[in-house]
Each structure stands twice: as structure tokens, then as C-alpha cells.
Amino acid sequence: HNHTKLQTPSEVLQTKVSTLVKSQVLLSLTPEQDVFDALYALSEKKCLSAPVVDADGEFVGLFTVVDGVLAIAEVFENGSFMFDGFSKSVAQVLAGKKTDEAR
């Protein structure tokens with residue numbers, strides 16, 4: 001019999017995100033990626049969220065569709081109805097989430 005060894009939950013949790021991305025298990029985003037690009041990538045893969053992975057393959061955070069929508073909504077909250085010059089990176093959105101969670 002040719003059985004595949006199942007990983008324990010702790011083995012799965014210790015798997016580097018970059019390994020999963022390289023094996024095409026996951027869509028990943030980069031911290032430098034523009035919010036619109038990130039939302040487009042999520043929509044193309046029909047995903048609601050994706051891990052954000054730095055150049056070393058380290059997990060930086062989780063970017064969600066809600067994060068992207070909220071980042072865009074800030075433009076309207078600030079009284080601007082034009083997207084000219086809107087360029088917020090995934091890293092900026094994640095930094096904002098951490099600030100909000102600390103409150």
C-alpha cells in the first residue's frame with residue numbers, strides 16, 4: 001500500500017508560507033503591493049483573503065477583501081471623491097489594522 005503520511009496540526013502550522021505558495025496551494029500578496037492590485041488578485045482567485053509574505057517568505061499578515069474596501073472607503077471619509085493619486089500599499093493597510101487592534 002502506498003499511503004501518504006498525514007501531517008499533524010503542529011507540523012502544518014510550522015510549514016513556511018513560502019512553501020505553500022511555491023506549491024501553488026495559496027495565493028500570496030506582497031507588502032509593497034497596491035491595494036487595488038491586491039483586491040484584483042483576490043477577485044481573480046475568488047478568495048476573500050490571502051497571506052502577505054515578504055521577500056524572505058516570512059508571513060507578515062493577512063489581507064482581506066474587507067481591509068481593501070475599508071482602505072478605499074477612507075478616501076471618501078476624508079472628503080475626496082477622486083481616486084487620483086490613491087496608492088496605499090498592503091503594508092500600510094496592515095499597519096493600520098495593528099494600530100486599530102491596539103486601541
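Let's start with Thr64, which is buried, since its relative accessible area comes to 19% and the cut-off for that label is under 20%. Keep in mind that this is a predicted model. You'll find Thr64 in strand E2, which covers residues 59-64. Which residues does Thr64 touch, once you leave out those up to four places away in sequence? The answer is Leu42, Leu48 and Ser49.

Those partners lead us back along the chain to a stretch worth a look. Helix H3 takes in residues 35-44, strand E1 takes in 49-53, and the loop between these two elements holds Lys46. Is Lys46 buried or exposed? Lys46 counts as exposed, because its relative accessibility is 76% and the label applies to anything over 50%. Its backbone is worth checking too: phi of Lys46 sits near 55 degrees, which is a positive value in a residue other than glycine.

Now zoom out to the whole chain. There are 5 helices and 2 strands in its secondary structure. If you walk along the sequence, the pattern reads α-α-α-β-β-α-α.

How about burial across the chain? Of the 103 residues, 29% are buried, and Thr64 is one of the buried ones. As for the surface, the chain exposes about 7,500 Å², with 57% of that supplied by carbon and sulfur atoms.

Finally, look at how the chain contacts itself. Take the contacts between residues at least 6 apart in sequence: 50% of them join residues at least 24 apart.

How values were computed
Residues are numbered from 1 along each chain as its sequence is written. This is a predicted model: local features need pLDDT of at least 70, side-chain atom pairs count only at pLDDT 80 or more; totals for chains, interfaces and linings use all residues. Side-chain values use heavy atoms; hydrogens and water are left out. Helices (H or I, at least four residues) and strands (E, at least two) are DSSP runs, numbered from the N terminus. Buried means under 20% relative accessible area, exposed over 50%, partly exposed in between (1.4 Å probe, protein chains only). Contact means heavy atoms within 4.5 Å. Accessible areas come from the Shrake-Rupley method with a 1.4 Å probe; for residues, only the protein chains shown count as cover.
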